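This report describes a structure with the sequence and the coordinates to hand. It is meant to be read alongside both.

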Amino acid sequence: MPVKKFIVGSFYDEQVLFPAVKAVRKSGYKIHDVYTPFPIHGLDTAMGLRDTSLHTAGFIYGITGTTTAFSFITWAFTTDWPLNIGGKPFFALPAWIPIMFELTVLFAAVGMVLTFCYLCQLAPFVKKDHFNLRSTDDTFVMAIEANSKTNVEEAIQFLQSVGAQDVVVTEKETGWWIGRYDQKKQLATNQPHIA
Amino acid sequence: MAVLRYESQVRPPIVEGGKDYHQVTEDICRPVEAKPTKLWWIGFIISVALLLFGVYSVYAEVVYGTGQWNLNKTIGWGWDITNFVWWVGIGHAGTLISAILLLFRQGWRTGVNRAAEAMTIFAVMCAGQFPIFHMGRVWNAFFVLPYPNTRGPLWVNFDSPLLWDVFAISTYFTVSLLFWYSGLLPDLATLRDRAKLKWRKAFYGVTAFGWTGSTKHWQRHESLSLVLAGLSTPLVLSVHTIVSFDFATSVIPGWHTTIFPPYFVAGAIFSGFAMVQTLLLITRKVLGLEEYITIEHIEVMNKVIVLTGSIVGIAYLTELFMAWYSHVSYEWFAFKENRVNLFSPYGWSYWLMMGCNVISPQIFWFKKFRRNLTITFFMSILVNVGMWFERFVIIVTSLYRDYLPSSWSTYYTPTIWEIGFYLGTFGLFFTCYFLFAKFFPVIAIAEIKHILKKNGDRYKDEMTPIEKEKVEDFAHAHVH
């Protein structure tokens, strides 16, 4: 994984962070990510992130559950081994509604959580770096990705001017997640990006 | 601007004590990071002792059979199924608080939802033990699963409410666990990043799954929480509905009623909130979290208790009325002679149930009582005693006088192993709760921070002028 250079600004108030995100994007810097201790509604839009499709995935998992329950019970009770239970019909749909419902919920919930973990690359023993340990406490951390053409000094000053309390420059390995450092510590030469 | 939401000045603040974000972290992490107190150790040891007694009671039942219990042909469901329904009912409040109140945008839920959800999971764990060990040959318990077996394959009876129960309870447990744990991830990350000790870093490093707080992750997390809440809402209603089907689809007088599903769900919320009160009153005191679980929370929950208690009361009266109005002599006999008649063998349990569940919660119509901690604590225990007797009344008073008077079984008293099993689940429940309160944040840190600027007493008064400004003006004035 290549190593990239990041300019990391820390904010102590989300009301300062919001205009800062807009200003940083407007002036053409590429925001790598913003790390916050709690969800801030509207920050994803401000950063220009696409809406998540996780709920659509949940719907698909849900109907998979419904059809699994329905088709399996139908097969088991009408084809594989029809059981005469008090003379009731073999195809007793009303009696299957509870299990069909439960399996809908079960599939949707389990599927969504697994998809969530996959998309966010979350799992036990996964180690990630999020630039500032206090970003899970009270600090809002904005990481700007620098490329070969970025004037780092200028970027630092710009971040300070939009309200960042302290700004540091660091190098990290990129990838699905920011994790282990590259041994060679070579800077990647990516194309300039205007967000 | 999204952060600046307006919150009515009329509403009292949810978080007291003028907190900022860092103080919230400090306050909630302190009990986790401090050494356990003497009180914690005493409680934990008692719980483990109870648990061990329960394990021994179950051992006696597994080795010598269900004959160790005083169940018989007439009273085939006794303490065990009473306890099952009771625990499942208690396990309803957590998901109600976290799911239904999330959809209703009730900000106060953030103070109590984490502990209530944990309580839910532990209560469902306790509940599950009873039907499993009631089977007798517990090593065959997996027969309830529809797996391709060598007996045909002979499938389980998908038309049976008892099987619906298997699916309902296991789904409920799984979904509650996922909901709870996905909510815990950000807070475990907070603990991980604060950790100084090596084992703490390792433990929270593993359990936090590498959570970073990235905006994209939060966006997905919000979506996940919302959909899980939407799924859990009908789920929580379905679970106790299905439990009530265990009774309602039978032909036993006193069970065979269509009112059971809503009646059971209301009762479940009732007893669940009472258990949440019991635990939170202790938790907030012992862990010093009075500024997060405030008297306002207690009052709101007492309102829920008086509401659901009254619903339960109406259900009791309705089923009594219907028993009379239906002119079914068996039904009317079950109600008149087995329950309402105070001098019948179990008449006392019916009136105990009425007193605890319907009459006594009515004191919560008065604000003074709703805000009194001692009375609330006492009432929360009384409600759960009453709710235990509700299930006992439903099960035992319907069964003990069979259709054939020669098979009446008038005096059913549990054996020590039946009682031991019940006490054992208390041990399991509190052992889990003590461990949870020691190693996990009992209040959802991220969620509290999320509502802090809207509902914290320090920010509440400052919000209004900011609200009136335009976003650009605000940015110009406050950002240098």
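## Model and numbering

This is a predicted model, in which local features need pLDDT of at least 70, side-chain atom pairs count only at pLDDT 80 or more, and totals for chains, interfaces and linings use all residues. Residues are numbered from 1 along each chain as its sequence is written, while chains are lettered from A and ligands numbered from 1 in the order in which they are written.

Helices (H or I, at least four residues) and strands (E, at least two) are DSSP runs, numbered from the N terminus.

## Strand β3 of chain A

Strand β3(A) covers residues 140-146, and seven of its seven residues are buried. A residue is buried if 20 or more other C-beta atoms lie within 10 Å of its own, exposed if 12 or fewer, and partly exposed in between, with C-beta atoms placed from the backbone. One side of β3(A) carries A:F140, A:M142, A:I144 and A:A146, and the other A:V141, A:A143 and A:E145.

Strand β1(A), residues 3-11, pairs with β3(A) in the antiparallel sense over seven bridges; pairing requires at least two bridges found by DSSP. A:K5 is opposite A:A146 of β3(A). The pairing of β2(A) with β3(A) is also antiparallel, over five bridges, and there A:D33 is opposite A:A143.

## Nonpolar core

A nonpolar core is a set of buried Ala, Val, Leu, Ile, Met, Phe, Trp, Tyr and Cys residues joined through C-beta atoms within 7 Å. The largest has 182 residues, and A:V21, A:A109, A:M142, B:M119 and B:V276 have the most contacts inside it. Helix α6(B), residues 161-194, gives the most to this core, with 16 residues.

Leaving aside residues up to four places away in sequence, A:M142 touches A:G9, A:F11, A:A20, A:V21, A:V24, A:I31 and A:V34. Contact here means C-beta atoms, placed from the backbone, within 7 Å.

## Contact between the chains

In all, 64 residues of chain A are in contact with 56 residues of chain B. On the chain A side, α4(A) supplies the largest share, 16 residues. That side has 44 nonpolar, 11 polar and nine charged residues; Ala, Val, Leu, Ile, Met, Phe, Trp, Tyr, Cys and Pro count as nonpolar, Asp, Glu, Lys and Arg as charged, and the others, Gly among them, as polar.

## Helix α12 of chain B

The buried residues of α12(B) are B:Y350, B:M353, B:M354, B:C356 and B:N357. They pack against α10, α11 and α14 of chain B.

Definitions and conventions:
Contact = placed C-beta atoms within 7 Å.
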